[in-house]
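Reader: I've got the model open and want to talk through some packing. Where shall we start?

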Amino acid sequence: MFDVVIIGNITEDTILKISGSKNKSFGGGATYAAFCLRALGAKVGIVGNVGREFQYLQKFKGIDLSGVKLTKESTKFELEYEERVIWDGPRSLKLLKNAGKIESFPEEFANARAVIFGPIFKEVTPQLIRSFSCPIKAIDLQGILREKAPNNRIFYKIPESLRDFLEVDVIKIGQVEARILGNSFQEICEKVISQRVKAILITFGEKGSVVCDCLKQKIKPMPAYKTKVADPTGTGDTYLSSFIYNYIKTQDVIDSAYFASAAASFVVEGIGPSKFGGLNEIVKRSSALRQIPVGKSLIKELEDEILWNDK
């Protein structure tokens, strides 16, 4: 049996800097989540699409790719960054190619201990979510809220069908999506909560995160582990996948959030999907995070990050 199955298309990315430098890489939420879980020793598989000419499959050794369909084109993004690393994301994000919706998966994937839906652009449908009978289902709303403008630039909008995607146990929301969903953590949680949801995770990169334990009706700020940042890409995907890894074992929302915050601190130390912490390393940093006092001031600081938005 799989510990976790990740649903989402694997991407090929072009990284631009305003100085003119240009680099090719690969990624997508499914990649970062699967690499994180592999480092933790979990049995993990990916369901998604990728182009036949994709050159990085050897990097996925130890991850079951029998659910990955080879298509004419990979999903391809172009990301333009300032010279310095900024956690809010790229100045410009363009969708150049789209591998399309995920329409099928191997039968044995449906009964994993957990499934994470990590769409990067509308490849996941409500019907696909319902097709999985896993005890724990999680979703990252990023790829549900994305839209493409005529110039290929990505913008964010709440779809009318949003509630059809929310019959899951864990919902992860990034800083950009939070600004679209509401002006306060209370408003955001009310907009996405359903009878099944047990945890809502709202991430703010190096600033920390906010965790809503829905069963206990408790909102808790979570500090980020301070480390040297080389590349913030994939932080949220690592946060969600490591949260699920720990939640499978403990069923404890807050404990899993500390574990996730610690795990996310490793991926930023490398470039692309290259560095992920092992179990003992993550536990050590998680213990250090628990010693950091947090209170309403961090809630206020993080909530200020979502007060401005252009709905």
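Author: Let's start with helix α5, whose buried residues pack against β12, α4 (175-181), β13 (199-203), β14 (209-213), β15 (218-222) and α9 (296-304). Helices (H or I, at least four residues) and strands (E, at least two) are DSSP runs, numbered from the N terminus. Heads-up: this is a predicted model, where local features need pLDDT of at least 70 and side-chain atom pairs count only at pLDDT 80 or more, while totals for chains, interfaces and linings use all residues. Residues are numbered from 1 along each chain as its sequence is written, and side-chain values use heavy atoms, leaving out hydrogens and water.

Reader: Which are the buried residues of helix α5?

Author: Buried means under 20% relative accessible area with a 1.4 Å probe, protein chains only. In α5, which spans residues 185-192, that gives Phe-185, Ile-188, Cys-189 and Val-192. They sit on the same side of α5, because the arc they cover around the axis (taken from the directions from the helix axis to the C-beta atoms) is only 95°.

Reader: Lys-172: buried or exposed?

Author: Lys-172 belongs to strand β12, residues 170-173. Contact means heavy atoms within 4.5 Å, and beyond its neighbours within four places in sequence, Lys-172 touches Ile-139, Asp-140, Leu-141, Leu-201, Thr-203, Gly-236 and Leu-240. Its relative accessibility is 7%, so Lys-172 counts as buried.

Reader: Which element gives the most to the lining of the largest cavity?

Author: Among the lining residues are Asp-140, Asp-237, Leu-240 and Ser-241. α1 (29-39), β8 (114-117) and α6 (235-250) each supply at least two lining residues. The top contributor, with three residues, is α6.

Conventions
On a 1 Å grid over the protein atoms alone, a cavity is a set of points where a 1.4 Å probe fits but cannot get out, and a pocket is an open set with protein on both sides within 12 Å along at least five of seven lines; lining residues have an atom within 4 Å of a point. Buried means under 20% relative accessible area, exposed over 50%, partly exposed in between (1.4 Å probe, protein chains only).
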